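Me: I've got a structure open here and I'd like to talk it through with you before I set anything up. Can we start with the ligand and go on from there?

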Amino acid sequence: MIALEDCIFCKVVRGELPSDKVLETDNLVAFRDIRPQAPVHVLLIPKKHIASIQDVTPEDKELMGDLILAAQKVANDLDISSSGYRIVSNVGHHGQQTVPHLHYHLLGGRQLQWPPG
Ligand code: 5GP
Ligand code: ZN
């Protein structure tokens, strides 16, 4: 567990850390990844601090749907909806999650490979 004041994505939400935002609503923010792995690499995060998908509860149902709809809107806005894209959320150690604030990676703009490493 980390203190919320130290969480870098909570700092993005509060505007204490600069970010290249592509969408913001009442309950979520989407911003470009600082180390993009594809021409489009956007992170979608809830404003509420949730550590990972493993920590989602039934009260977050609507929020989780809003994140997916926001990902769809960003894909449309950034022109990758017809070429296709990938949405990934890393969880924990084996998932190689490095920031313990739930986020979806939206990746597109090039041919992606499968399976992941
Ligand atoms: P994870 O490894 O947890 O799945 O994804 C964390 C992502 O956050 C990484 O892709 C990393 O490049 C990105 N990231 C880490 N720190 C910052 C930051 O300060 N600003 C932005 N925009 N992205 C960050
Ligand atoms: Zn946080």
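Me: Which pocket does ligand 1 take up?
Reply: Keeping in mind that this is a predicted model, the space taken by ligand 1 is the largest pocket.

Me: How much space lies in the largest pocket?
Reply: The largest pocket holds about 970 Å³ of space, and its lining is made up of 33 residues, with Asp-33, Gln-37, His-41, Asn-90 and His-105 lying nearest its centre.

Me: And which elements give two or more residues to that lining?
Reply: Those elements are helix 1, strand 2, strand 3 (40–46), strand 4 (85–88) and strand 5 (104–108), and the largest share, three residues, comes from helix 1.

Me: How do the lining residues divide by class?
Reply: The lining of the largest pocket has 14 nonpolar, 13 polar and six charged residues.

Me: OK, back to the ligand: how many residues surround ligand 1, and which are the closest?
Reply: There are 16 residues around ligand 1, and the closest of them are Asp-33, Asn-90, Thr-98, His-103 and His-105. By class, this shell consists of seven nonpolar, six polar and three charged residues, and both helix 1 (8–14) and strand 2 (28–32) supply at least two residues to it.

Me: What about polar contacts, say from His-105 to an oxygen atom of ligand 1?
Reply: For His-105, a polar side-chain atom lies 2.8 Å from an oxygen atom of ligand 1. On the backbone side, a polar atom of Val-99 is 3.0 Å from an oxygen atom of the ligand, and a polar backbone atom of Gln-96 is 3.4 Å from an oxygen atom of ligand 1.

Me: How much of the accessible area of ligand 1 does the protein cover, then?
Reply: Of the 520 Å² of accessible area that ligand 1 has on its own, the protein covers 84%.

Me: Switching to backbone geometry, which peptide bond is cis?
Reply: The peptide bond from Trp-114 to Pro-115 is cis, its omega being near 5°, and Pro-115 is placed in the segment after strand 5.

Me: And what is phi like at Asp-79?
Reply: Phi of Asp-79 is near 70°, which is a positive value in a residue other than glycine; Asp-79 itself lies in the loop between helix 2 (61–77) and strand 4.

Methods
Residues numbered from 1 in each chain as written. Chains lettered and ligands numbered in written order. Predicted model: local features only at pLDDT ≥ 70, side-chain atom pairs only at ≥ 80, totals over all residues. Heavy atoms only, no water. Near = heavy atom within 4 Å. Polar contact = N/O pair within 3.5 Å; in protein donor to acceptor, adjacent residues only side chain to side chain. Areas by Shrake-Rupley, 256 points an atom, 1.4 Å probe, with all protein chains shown as cover. 1 Å grid on protein atoms, 1.4 Å probe; cavity = no way out; pocket = protein on both sides within 12 Å on 5 of 7 lines; lining within 4 Å. Sits in = over half its atoms within 2 Å of the grid points. Helix = DSSP H or I, 4+ residues; strand = E, 2+ residues; numbered from the N terminus. Nonpolar A, V, L, I, M, F, W, Y, C, P; charged D, E, K, R; others polar. Points joined across faces, edges and corners; volume = space filled by probe spheres on them.
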